[in-house]
Amino acid sequence: MSPIFEYAPAPESRAVVDIAPSYGLFVDGEFREAADGRVFKTVSPSTEEVLAEVAHAGAEDVDAAVAAARRAFGPWSALPGSERAKYLFRIARIIQERSRELAVLETLDNGKPIRETRDVDLPLVAAHFFYHAGWADKLSHAGFGPDPRPLGVAGQVIPWNFPLLMLAWKIAPALACGNTVVLKPAETTPLSALFFADVCRQAGLPKGVVNILTGDGSTGAALVAHDGIDKVAFTGSTAVGKRIARTVAGTAKRLTLELGGKGANIVFDDAPIDQAVEGIVNGIYFNQGQVCCAGSRLLVQESVHDELMEALKRRLATLRVGDPLDKNTDIGAINSAEQLARITELVDSGEAEGAVRWSPACELPERGWWFAPTIFTNVTQAHRIAREEIFGPVLSVLTFRTPDEAVAKANNSQYGLSAGVWTEKGSRILAVADKLRAGVVWANTFNKFDPTSPFGGYKESGFGREGGRHGLEAYLDV
Amino acid sequence: MFADATASDTALRRFLHGLPGVDAVGLEARAATLGTRSIKTTAKAFAIDLAISMIDLTTLEGADTPGKVRALCAKGVVPDPTDRTAPKVAAICVYPDMVATARQALDAAGGRDVHVASVATAFPAGRAALSVKLADTRDAVAAGADEIDMVIDRGAFLSGRYMQVFEEIRAVKEACAREDGEDAHLKVIFENGELATYDNVRRASWLAMLAGADFIKTSTGKVAVNATPANTLVMLEAVRDFRAAGGRQVGVKPAGGIRTAKDAIKYLVLVNETLGDDWLHPDWFRFGASSLLGDLLMQRQKLTTGRYSGPDYVTVD
Amino acid sequence: MSEMSGKPGAHTRLSVLKTYKLFVGGKFPRSESGRVYEVTDTRGNWLANAPLASRKDARDAVVAARKAFGGWSRATAYNRGQILYRIAEMLEGRRDQFVAEVAAAEGLSKAKATAQVDAAVDRWVWYAGWSDKVAQVVGGANPVAGPYFNLSTPEPTGVVAVLAPREPSFLGLVSVLAPVIVTGNTAVVAASERAPLPALSLAEVLATSDLPGGVVNLLSGRTAEIAAPLAAHQDVNAIDLTGADAELAKELETAAAENLKRVLRPSAGDAGGEDWFADPGTRRMLAFLETKTVWHPMGV
């Protein structure tokens with residue numbers, strides 16, 4: 001990158017978002033304090049500044065929210081689909097109107113670059129509501145029988161990596177199908193869900209249809225264990241997903257899980273190399289690598305390994321790490337001190353196990369939680385960094401010699417969420433994509449999302465799909 | 001260095017078809033992403049002046065007259081009469097018969113350091129016998145052209161006669177020899193809009209560089225699709241890879257359709273992030289443009305005065 | 001099944017009894033444990049000794065099913081359909097045998113047993129026809145907002161453990177097994193504990209129907225004993241709990257969480273929640289399918 005053409009800071013204005021000093025739980029159409037008065041603070045990961053104080057929901061609050069959702073379920077599910085559709089269309093439009101505000105808010109609370117919240121998260125959030133709005137009055141044509149019924153009250157627990165987008169993935173199909181919801185956002189990123197409550201208010205959504213409970217893991221555990229819910233939808237770690245699966249065993253609750261991954265990004269020697277480099281970068285450094293479907297394992301054909309590594313390192317040197325609100329920032333802050341510690345621990349293990357670590361020269365801010373984009377070469381299948389989900393900007397590079405070896409290594413994982421294939425040969429794409437045991441395969445691209453495109457994993461990456469016609473199944477009694 | 005690649009028709013074809021492919025969607029997405037870079041304050045002022053100094057200020061019309069060319073030259077030397085700190089453009093680009101006029105006008109206006117570039121080789125279609133193209137080139141060089149913008153034979157390229165295209169570029173390059181022993185710099189125009197695919201743009205880039213091009217240039221400005229950020233990006237990658245593979249440093253010139261300062265800055269961002277410092281200089285990057293200068297000057301005035309400017313405050317050609 | 005031929009004074013001929021065996025990897029082994037248990041008719045008369053499969057038999061069956069998965073899941077849908085249809089053909093030819101076995105096992109009249117066997121034959125035919133249609137019904141192109149060709153296709157989830165319903169012993173078994181394998185999964189089946197003989201005889205049909213060895217593995221014995229290691233097995237991808245009671249189902253679902261198996265819960269109501277003669281729909285096939293979505297850029 002040129003020192004003679006250094007971009008001046010281009011910060012997005014914080015003035016578009018007005019964060020209150022404290023927020024309550026959103027239950028039955030109103031904000032209220034937690035029954036036991038507990039609160040916790042939410043912090044901006046890039047500055048460690050306290051953004052707001054948020055109510056911490058306990059068992060009593062879970063009871064109240066589930067009861068509110070239950071009361072709302074009858075009338076909501078009895079509404080003609082066309083009316084439910086109109087509420088969802090309203091929500092989609094209001095999100096579009098308020099997208100800059102919500103993008104800045106998300107960047108503040110999560111630490112991800114404004115470029116991503118502005119260009120990826122928010123457009124997809126609005127698109128998700130818009131897409132599902134259209135389903136609400138067409139469910140009888142969705143292939144689940146002539147008059148598919150909703151399940152009832154859905155308890156939904158979402159992660160911190162795409163707070164508002166994961167909310168949209170959960171709430172939009174649930175409401176379209178006629179369910180009501182109690183949603184718990186992640187402990188470290190509660191704000192956009194609370195702003196979404198305000199969007200529901202503006203849309204005139206009937207009270208109790210959407211309830212937002214902020215809190216920590218104990219709140220989520222209480223929600224999924226609650227007798228009054230009919231459906232559990234969870235996105236998060238595989239460890240927690242397994243706990244939830246045990247919790248709902250023997251009950252009538254339906255369950256869908258969107259869990260971890262260790263996506264293989266396979267680059268063949270005939271790949272479109274410049275685009276492959278972009279795809280690798282997008283695959284693992286998008287959202288600081290805190291993406292369940294990240295292409296965290298790069299499988300490179302040995303014959304192009306050196307050339308590709310050189311190109312990749314050259315490209316990494318142009319990544320801009322820093323203030324997430326700067327419109328030119330490519331890599332923002334790690335979401336929490338806890339997550340940073342986990343990344344650091346796994347990276348240390350990579351070095352200890354003999355892999356070769358490399359990062360471009362980059363200055364990290366003093367305050368906040370940061371991790372430089374990192375590449376590990378000389379990684380083998382046996383290394384922890386090739387098997388465990390790091391959930392950070394860390395790429396593990398392995399090599400292969402033949403297509404069969406690439407597929408075997410790619411599939412050699414407890415996970416099966418995503419994979420990438422880079423080759424100019426069409427028949428090879430189809431053959432390899434066919435053999436990969438992963439729910440989403442990106443051929444000559446990576447990390448693309450769309451509300452019409454079903455997303456979800458094989459194996460321990462979870463079950464059920466979100467998005468598209470397939471995603472409706474998770475919220476219908478079929 | 002690349003002698004093997006050009007040893008025979010077959011070898012050349014094999015080499016060009018062995019270059020990595022270009023995925024169109026990924027390429028365009030990358031170009032679009034770089035287009036979202038937000039350039040502010042000092043960086044913007046720097047970029048605007050750099051862009052002005054990289055312009056090949058162009059008039060290539062059947063209606064060109066000495067008067068029109070002299071006006072253009074005057075503007076190229078003193079882009080903003082109200083602000084003498086505005087840099088000169090890099091070159092004035094005209095048809096061969098206007099080269100002498102342009103040289104005289106530039107010299108008279110104090111622009112000895114502003115180059116005269118001339119299109120040649122039966123521009124823009126290139127449909128003439130090689131002997132005519134070479135005569136066209138020698139004529140322009142003899143009249144004082146510092147730079148020759150030649151067009152390749154797209155028909156030959158598209159029908160796979162790569163060696164013919166290669167030999168033609170070589171011959172034109174030889175025809176660029178001046179009496180003083182220097183060569184006029186050779187810019188090779190592909191007409192990307194007619195090559196149709198990015199794979200072809202990449203192959204044409206390598207072909208031209210192997211044949212001796214000093215610059216590679218996107219287009220004539222005379223067809224529907226001219227320079228785009230995406231097809232320029234392919235060419236930037238090609239010059240980067242050519243040098244990395246042991247070849248010379250080759251310049252890049254997008255031309256046609258770049259009309260606003262905002263557009264120009266996007267191209268500079270492409271250069272900056274793909275090639276870096278080494279190419280951020282008029283010796284290595286040019287804009288082929290006519291109306292671009294006006295918008296750059298208006299933006300420059302805005303930065304200087306804090307007020308938005310208007311077309312009445314920049315000179316017309 | 002043993003009977004004397006009845007003419008007074010004539011030679012009595014002792015019938016030849018069948019030794020019932022497990023069906024694993026296309027072969028008919030005895031239980032590695034060497035154990036058998038007594039199977040009786042509904043009045044308590046001895047019918048046969050069935051193998052009492054052990055956890056090691058379950059383990060071997062999983063190995064066989066995993067080994068068969070690659071080939072079976074890659075077989076063309078057309079080929080799988082033909083093989084399922086072949087099973088129906090073979091079964092039709094041995095219809096009388098199965099009617100007798102079902103009648104004995106469940107104490108049914110010949111008419112009722114016949115209805116059950118006929119329905120089972122027809123069920124194989126029904127699922128045979130699904131093999132090359134399910135992908136079109138549940139897969140397809142997704143109109144994403146961008147220059148991408150985006151296609152979702154169903155794929156088999158892998159090795160599926162199946163607890164066959166306690167009854168109907170034969171139609172129930174076919175109704176849970178056929179939807180698992182038609183889409184390319186391989187199966188390890190625990191037959192009805194009380195009435196395993198029709199299931200074990202089905203193995204003889206499967207073995208002569210061009211079905212590759214290991215695609216279906218049939219175990220008889222104590223359902224709880226066989227199911228526990230299957231539910232906990234890390235190389236089993238899914239489990240159909242139809243044959244488990246509520247208590248066992250909860251225990252197995254909890255164990256299945258360890259590697260996040262896909263779980264098909266038993267229908268509400270103790271084994272009586274399902275109308276086995278009704279149109280089965282697609283539910284049982286979909287329970288053991290994954291959706292894979294592939295994105296391809298569209299550019300020249």
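Chain A of this predicted model is divided into domain 1 (14–259 + 461–475) and domain 2 (264–443), with bounds that come from an automatic or database domain assignment. The C-alpha centres of domain 1 of chain A and domain 2 of chain A are 30 Å apart, and the contact between them draws 19 residues from domain 1 of chain A and 24 residues from domain 2 of chain A, two residues being in contact if their C-beta atoms, placed from the backbone, lie within 7 Å.

On the side of domain 1 of chain A that touches domain 2 of chain A, helix H3 (99–110) and helix H4 (114–135) of chain A each supply at least two residues; helices here are DSSP runs (H or I, at least four residues), numbered from the N terminus. H4(A) gives the largest share of that side, three residues. Sorted by class, this side of domain 1 of chain A holds five nonpolar, eight polar and six charged residues, where Ala, Val, Leu, Ile, Met, Phe, Trp, Tyr, Cys and Pro count as nonpolar, Asp, Glu, Lys and Arg as charged, and the others, Gly among them, as polar.

Between the chains, 24 residues of chain A are in contact with 25 residues of chain B. Helix H2 (24–34), helix H3 (41–53) and helix H12 (261–274) of chain B are the elements that contribute two or more residues to the side of chain B that touches chain A, and the largest share, five residues, belongs to H3(B). That side of chain B comprises 10 nonpolar, eight polar and seven charged residues.

Residues are numbered from 1 along each chain as its sequence is written, while chains are lettered from A and ligands numbered from 1 in the order in which they are written. Because the model is predicted, local features need pLDDT of at least 70 and side-chain atom pairs count only at pLDDT 80 or more, whereas totals for chains, interfaces and linings use all residues.
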